[in-house]
Amino acid sequence: MFSALPATAAEPEPGVKAELVCRPEAAPGRVLCELKFVARSGARVVWADALVTSAPEFVRPLRARVAPERFKGAGSLERKLSLGFVASQAGLGRVTVKARAVVCRGEGEQERCSPKTEDVQAEVRVGG
């Protein structure tokens, strides 16, 4: 027979917050954005990536992969990814990114992990 723990005694599910910021650029060319994942409630981010789901016509995402080596210096509570775009002309618009992460809490046999997905947006500004 199985017994369930009361909801108040269950450990909360690990969470993560994603934030996207794009650096304003004075002229067309390369545009850099930073996606930051921050674990909440004592959790840690063990894996993360991002998919660009929409971008304005004047800005195109660069095809790039983020290798695990990029995470070596980052703490487990926070991960940062750089996203590159190429702007063909001046403009103002919004990019949307699907931020994906695996968040874990606990250690050893008590460790519990879960996938998290969040759509985040940032303003892209090129030129005056």
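**Notebook: disulfides and sheet**

I searched the whole structure, a predicted model, and found 2 disulfides.

Entry 1, the link of Cys-22 and Cys-33. I noted that a disulfide joins Cys-22 to Cys-33, with an S to S distance of 2.0 Å. I recorded where the two residues sit: Cys-22 lies in strand β1 and Cys-33 in strand β2, so placed that the pair links distant parts of the chain, 11 residues apart. I read 105 degrees about the S-S bond, and the link of Cys-22 and Cys-33 is right-handed. I also looked up accessibility and found both Cys-22 and Cys-33 buried.

I found a disulfide from Cys-104 to Cys-113, S to S 1.9 Å. The link of Cys-104 and Cys-113 is right-handed, with 110 degrees about the S-S bond. Cys-113, at 43% relative accessibility, counts as partly exposed.

I traced 4 strands that form an open sheet in the order β1-β2-β5-β4, with antiparallel pairing. I identified β1 (15-22) and β4 (59-61) as the edge strands, each of which pairs on one side only. Neighbouring strands of this sheet are turned by 30 degrees against each other on average, direction ignored. I then examined β2 (residues 29-40) and β5 (residues 78-87), which pair in the antiparallel sense over 10 bridges. I looked up Lys-36 and found its bridge partner in β5 to be Lys-80.

Technical notes. Residues are numbered from 1 along each chain as its sequence is written. This is a predicted model: local features need pLDDT of at least 70, side-chain atom pairs count only at pLDDT 80 or more; totals for chains, interfaces and linings use all residues. Side-chain values use heavy atoms; hydrogens and water are left out. Two strands pair if DSSP finds at least two bridges between them. Axes are lines fitted to C-alpha atoms, for helices over the stretch in contact, and angles run from 0 to 180 degrees between N-to-C directions. A disulfide is a pair of cysteine sulfur atoms within 2.5 Å. Buried means under 20% relative accessible area, exposed over 50%, partly exposed in between (1.4 Å probe, protein chains only).
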